[in-house]
Amino acid sequence: MPTPHAAGGYKAARNRPLTRSQKLSDKALAAIRAPVEHGFANLKNWRVPGKARTDPKWATALVRAMLVLTNHEVAR
């Protein structure tokens with residue numbers, strides 16, 4: 001199984017604009033990242049993970065459950 005890796009976007013230089021395929025790649029990456037970033041922003045607003053003083057396994061399950069609820073809210 002391949003290991004996941006972080007994918008970065010392309011950045012245009014002053015003398016080298018992005019190609020069409022680079023722009024499409026950046027757009028696809030932004031579409032994938034947006035829901036994830038919104039989910040983490042909502043988690044920060046809930047302030048629950050910062051106050052959780054418990055077993056890390058339970059905290060991980062709590063954060064996963066909150067992300068599911070957040071994604072459900074966004075999808076409505």
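1. Of the 76 residues, 9% count as buried; buried means under 20% relative accessible area, exposed means over 50%, and partly exposed lies in between (1.4 Å probe, protein chains only).

2. This is a predicted model, in which local features need pLDDT of at least 70 and side-chain atom pairs count only at pLDDT 80 or more, while totals for chains, interfaces and linings use all residues. Residues are numbered from 1 along each chain as its sequence is written, and side-chain values use heavy atoms, with hydrogens and water left out.

3. Confidence is given as pLDDT, the predictor's confidence in each residue, from 0 to 100. The average for the protein is 77, and 76% of the residues score at least 70. By element, the lowest mean pLDDT belongs to helix α2 (residues 48-51), at 64, and the highest to α1, at 83.

4. The protein has three helices and zero strands, in the order α-α-α along the sequence. Helices (H or I, at least four residues) and strands (E, at least two) are DSSP runs, numbered from the N terminus.

5. Which side chains meet in a salt bridge? Those of R33 and E37 do, at 2.7 Å from N to O. The term requires a side-chain nitrogen of Lys or Arg within 4 Å of a carboxyl oxygen of Asp or Glu, and by this rule the count comes to one salt bridge. Side chains of opposite charge can pair when their charged atoms come close.

6. Because R33 and E37 are four residues apart in helix α1 (residues 20-46), about one helical turn separates them. R33 counts as partly exposed, at 44% relative accessibility, and E37 also counts as partly exposed, at 43%.

7. T19 is partly exposed, with a relative accessible area of 41%. Its side chain makes a polar contact with the side chain of S21 at 3.2 Å. A polar contact is a pair of N or O atoms within 3.5 Å; within protein, one must be able to donate a hydrogen and the other to accept it, and residues adjacent in sequence count only if both atoms are side-chain atoms.

8. Leaving aside neighbours within four places in sequence, Q22 is in contact (heavy atoms within 4.5 Å) with Y10, R16 and P17.

9. A28 is also placed in helix α1 and counts as partly exposed, at 41% relative accessibility. A28 and G9 are 19 residues apart in sequence, and their C-alpha atoms are 9.6 Å apart in space.
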